[in-house]
Structure formats: structure tokens, C-alpha cells
Amino acid sequence: MNDMTLIKSQGDHRNLICYRKAELIYDITYHFAYLAFERGNRTIDQMVQAARSGKQNIIEGNADMDTSIEMGIKLINVAKASFKELLADYEDYLRVNGYEQWSSDSDKFIAMRKLGIDSSNQTILDIAKSRSLDIVANMSIILLRQEDYLLHQLLTSLSEQFLDNGGFKERMHRMRIERRGK
């Protein structure tokens with residue numbers, strides 16, 4: 001191991017594409033939930049909390065990876081699970097209210113997928129705020145699928161990093177042995 005750094009900073013979570021998309025998902029969900037459901041409906045809290053949990057667990061997982069890649073992986077997976085829960089809420093909203101869920105080969109789906117890749121968060125949020133709730137739900141479903149892909153890629157990368165370099169205790173042990181040898 002050439003790098004003799006015990007604490008490895010993962011950098012600012014705001015630089016992660018998955019975090020920026022999570023922030024957008026939270027913002028859209030917050031506005032959607034308060035428009036789609038009557039005050040006092042537990043679904044509002046459930047959806048907003050799932051979106052918040054996903055976003056916050058990316059922050060915490062990224063910070064924990066400075067010393068524990070294992071904990072970071074677990075928290076990123078918790079974020080992924082929270083977003084899966086939120087995805088089901090959006091799908092339920094469409095189904096229960098008799099709205100169409102866009103098929104992956106539809107023009108609307110393809111256009112939104114491209115928008116989700118190419119556009120700024122503010123642009124997408126502005127569009128979402130000006131559309132009907134069924135369109136916003138479909139937009140969110142596509143963003144959540146993109147987020148799921150990004151988090152899967154991050155987990156795969158972190159798993160490889162762990163397999164290549166080990167965890168904090170292993171790094172600490174190697175560094176102590178190397179220092180004793182000097």
C-alpha cells in the first residue's frame with residue numbers, strides 16, 4: 001500500500017451526482033406531497049421522510065467512509081432502500097388515482113430521462129412545479145430510477161475499493177506494522 005494516509009477523505013458530498021439528484025428528488029417530493037394529499041394525511045410525512053432519508057444517508061455514508069467504508073456502504077444502501085420506498089409511493093399514487101404510468105419506450109419517458117441527465121436541478125424543479133400531479137409523479141419515478149442506478153454504481157465502486165484496500169482496521173494494522181519496521 002503506497003498511500004500512508006489513515007483517514008481518507010471522501011470529499012464533499014455535494015460533488016456526488018447521486019447527492020445532487022437526491023436533493024432534487026427531495027425538493028420535488030416535498031412540493032408534490034403537500035399538493036397531492038390533504039393536510040394530516042400520513043402519506044405526506046412518509047414520502048417526505050423517505051426522500052429526506054435517502055438524501056441524508058448519502059451525506060452520512062460519505063462522511064463515515066473517511067474511517068469506515070463498511071459503514072459508508074451500509075448507509076448508501078439505506079439511501080437506496082429509502083428511494084425504493086418512495087418509488088413505490090409514486091407508483092401507488094398513479095395507480096390508486098387511475099393515472100397512466102409512462103412506459104419506458106414512450107416519448108414522455110424518453111424525454112424525461114434525457115431531461116434528468118442533461119438539465120440542472122433548478123430547471124427540472126421549475127418544470128415540475130408547473131405540471132399536473134400525474135406528470136410530476138411520472139417525472140419523479142424516472143428520477144428515482146436514475147438515482148437507483150447511480151447508487152448501485154456507487155455501491156459497486158465502493159465494494160471494489162473495499163476489496164482492493166480493505167477497511168479501516170486493516171489499514172491501521174498495515175500502517176502500524178510499517179511504522180514499527182522503520
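The model is predicted, so local features need pLDDT of at least 70 and side-chain atom pairs count only at pLDDT 80 or more, while totals for chains, interfaces and linings use all residues. Residues are numbered from 1 along each chain as its sequence is written, and side-chain values use heavy atoms, without hydrogens or water.

Helices here are DSSP runs (H or I, at least four residues), numbered from the N terminus. The two axes come within 9 Å and cross at roughly 150°. Axes are lines fitted to C-alpha atoms over the stretch in contact, and angles run from 0 to 180 degrees between N-to-C directions. α5 and α6 are therefore roughly antiparallel, a term for angles over 145 degrees. The crossing of α5 past α6 is left-handed; that is, the near helix is turned anticlockwise from the far one by less than a right angle.

Salt bridges were counted where a side-chain nitrogen of Lys or Arg lies within 4 Å of a carboxyl oxygen of Asp or Glu. The count comes to six. One of them joins Asp148 and Lys80, at 2.8 Å from N to O. Asp148 sits in α6 and Lys80 in helix α3 (residues 69–96), so this pair links distant parts of the chain, 68 residues apart. Lys80 is buried, at 16% relative accessible area. Buried means under 20%, exposed over 50% and partly exposed in between (1.4 Å probe, protein chains only). Lys80 and Asp148 also belong to a salt-bridge network with Lys84.

Arg145 pairs with Glu91, with the closest N and O atoms 3.8 Å apart. This bridge again connects α6, which holds Arg145, to α3, which holds Glu91; the partners are 54 residues apart. Both are partly exposed: Arg145 at 35% relative accessibility and Glu91 at 24%.

Lys108 and Glu100 form another salt bridge, with closest N and O atoms 3.9 Å apart. Lys108 is partly exposed at 46%, whereas Glu100 is exposed at 51%.

Notes. Helix = DSSP H or I, 4+ residues; strand = E, 2+ residues; numbered from the N terminus. Parallel < 35°, antiparallel > 145°, perpendicular 65-115°, else oblique.
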